[in-house]
Amino acid sequence: MQERIIYFDHAATTPLKKEVLDEMMPYLTEQYGNPSTIYKLGREAKKAIELARERVAKALNAEVQEIFFTSGGTESNNWALKGVAFANKDKGKHIITTTIEHHAVLHPLKYLEGLGFEVTYVPVEPNGIVDPQKIKEAIRNDTILISVMLANNEIGTIQPVKEIAKIAKEKGIIIHTDAVQAVGQIPVDVKDLGVDLLSLSAHKFYGPKGVGALYIKKGTKIHPFSHGGAQERNRRAGTENVAGIVGLGKAIELATQNLSEYAAKLQKLRDKLIDGVLSKIDYVRLNGDRYNRLPNNANFSFEFIEGESLLLMLDMKGIAASSGSACTSGSLDPSHVLLAIGLEHEVAHGSLRITLGEDNTEEDIDYLLEVLPDIVSRLREMSPLYEKVKKGGN
């Protein structure tokens, strides 16, 4: 019998809930119709898509016609940024973002820079939160878009998007938020936030991979993402991923039903973990604000060790965790997020991200706190720098 893996990487992905899979299964088997056809099989598929759209709209407090399905958070971000940029370039070519955005935002912006757009990357404070005043100071007469994530995927800090949206509205600027990590963790209400566009991804809240959504506020000037058929009201051509969309709809409905209780449980575990690590291990820091962070996120940097070795040794103990974004796990470069909050390269390399989920227990936290100090100690024994510090050196 396989031993249970203690899974602490819910920011990377979450397991598919049984209730979600059960609702998806008919559309993977007997209900295989193309939603664009007019016979019964097609009409049933179309009906299922529209039910999912209603569920997403309800979860976000949006209008049904403002929800568009995509292949995930990356596509949603690309569509928001490129679509707004191309549709509004006659007004200006300046875009504002922060230095800690996900690469699914930073890379499309680099692409737009190659096409003649200008991007201002506003730095964040040492606690990982951007100052809205600095966003305001970056605004120019030709600014057409501001994109600030709702919650950071690595250090979990929650950004003041509502305040930034007010600034954007005063200047008539479109605002987008990458809410991929936030949905299913904290309340997300597009009307309360005041945003024009919002990205989300199903597999971050116990839905299937390969499906997401983009909220586009009615009246927002944006180009279609792809051209071809008339799907998604002529804005995103291509036969819909019916089963995936059904799964997204069910998953977001479940994720928002008992959100406050779920968040309270995770926050209690998170705080126990943070307090334990900081009290049991020296030369360690918590990355990001202590309290203004996602309820399930704890990110640490351990001096004098290499994060990849730490992850491998945790894996040998049956613990799955990460050192940052899953999308950059193959990179040898330190996290751009950790560098942006002021960490030195060698310290940023020794990072550990723990992101909790509904199956995690106090016993899981106790086990991690039991094995982690010894692992850190063993890795530091291999560091000549740590030996020098122990002997009183700098």
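# Close-up views of a predicted model

**Figure 1. The loop at Phe-304.** Phe-304 lies in the loop that runs between strand E10 and helix H11. The model shown here and in the other views is a predicted one. Phe-304 has a positive phi of about 70°, although it is not a glycine.

**Figure 2. Helix H11 and its two sides.** An α-helix has 3.6 residues a turn, so residues three or four places apart point the same way. Just after H11 comes Gly-318, which takes a positive phi of about 85°.

**Figure 3. Strand E12 beside strand E10.** Strands E10 and E12 pair in the antiparallel sense, and five bridges join them. At one of these positions, Asn-299 has Arg-353 in E12 as its bridge partner. Five of the five residues of E12 are buried, so this strand is largely enclosed by the rest of the structure. In a regular strand the side chains alternate between the two faces of the sheet. In E12, Ser-351, Arg-353 and Thr-355 point one way, while Leu-352 and Ile-354 point the other way. Both sets are buried.

Figure 4. Phe-300 is found in strand E10. Is Phe-300 buried or exposed? Its relative accessibility is 0%, so Phe-300 counts as buried. Leaving out residues up to four places away in sequence, Phe-300 touches Leu-273, Ile-274, Val-277, Leu-278, Val-284, Arg-285, Leu-286, Asn-287, Gly-350, Ser-351 and Leu-352. Two of the residues in that list, Ser-351 and Leu-352, point opposite ways from E12. Arg-378 is 78 residues from Phe-300 in sequence, and the C-alpha atoms of the two are 17 Å apart in space.

Figure 5. Five of the five residues of strand E5 (residues 143-147) are buried, so E5 is largely enclosed by the rest of the structure. Strand E3 (residues 94-98) runs parallel to E5, and three bridges join the two. Here His-94 stands opposite Thr-143 in E5. E5 also pairs with strand E6 (residues 174-178), in the parallel sense and over three bridges. In this pair, Ile-146 stands opposite Ile-175 in E6. To get from E5 to E6, the chain crosses through helix H6 (residues 161-170), and this β-α-β crossover is right-handed.

**Figure 6. The nonpolar cores.** The largest nonpolar core has 66 residues. Which of them have the most contacts inside this core? They are Leu-60, Ile-67, Phe-69, Ile-146, Val-188, Leu-198 and Leu-200. The largest share of the core, nine residues, comes from helix H9 (residues 242-257). A second, separate core has 33 residues, including Ile-274, Ile-319, Ile-354 and Ile-375. Of these, Ile-274 is also touched by Phe-300.

**Figure 7. Ile-67 and the loop at Asn-61.** Not counting residues up to four places away in sequence, Ile-67 touches Arg-53, Val-56, Ala-57, Leu-60, Ala-62, Ala-213, Leu-214, Tyr-215, Glu-232 and Arg-233. Asn-61 lies in the loop between helix H2 (40-60) and strand E2 (67-70). Asn-61 is not a glycine, yet it has a positive phi of about 60°. With a relative accessible area of 34%, Asn-61 is partly exposed.

**Figure 8. The chain as a whole.** Along its principal axes, the C-alpha trace spans about 75 × 60 × 35 Å. Of the 394 residues, 56% count as buried. Among contacts between residues at least 6 apart in sequence, 74% join residues at least 24 apart.

Key
Residues are numbered from 1 along each chain as its sequence is written. This is a predicted model: local features need pLDDT of at least 70, side-chain atom pairs count only at pLDDT 80 or more; totals for chains, interfaces and linings use all residues. Side-chain values use heavy atoms; hydrogens and water are left out. Buried means under 20% relative accessible area, exposed over 50%, partly exposed in between (1.4 Å probe, protein chains only). Helices (H or I, at least four residues) and strands (E, at least two) are DSSP runs, numbered from the N terminus. Two strands pair if DSSP finds at least two bridges between them. A crossover is right-handed if, with the strands pointing away from the viewer, the path from the first strand over the helix to the second runs clockwise. A nonpolar core is a set of buried Ala, Val, Leu, Ile, Met, Phe, Trp, Tyr and Cys residues joined through side-chain atoms within 4.5 Å. Contact means heavy atoms within 4.5 Å.
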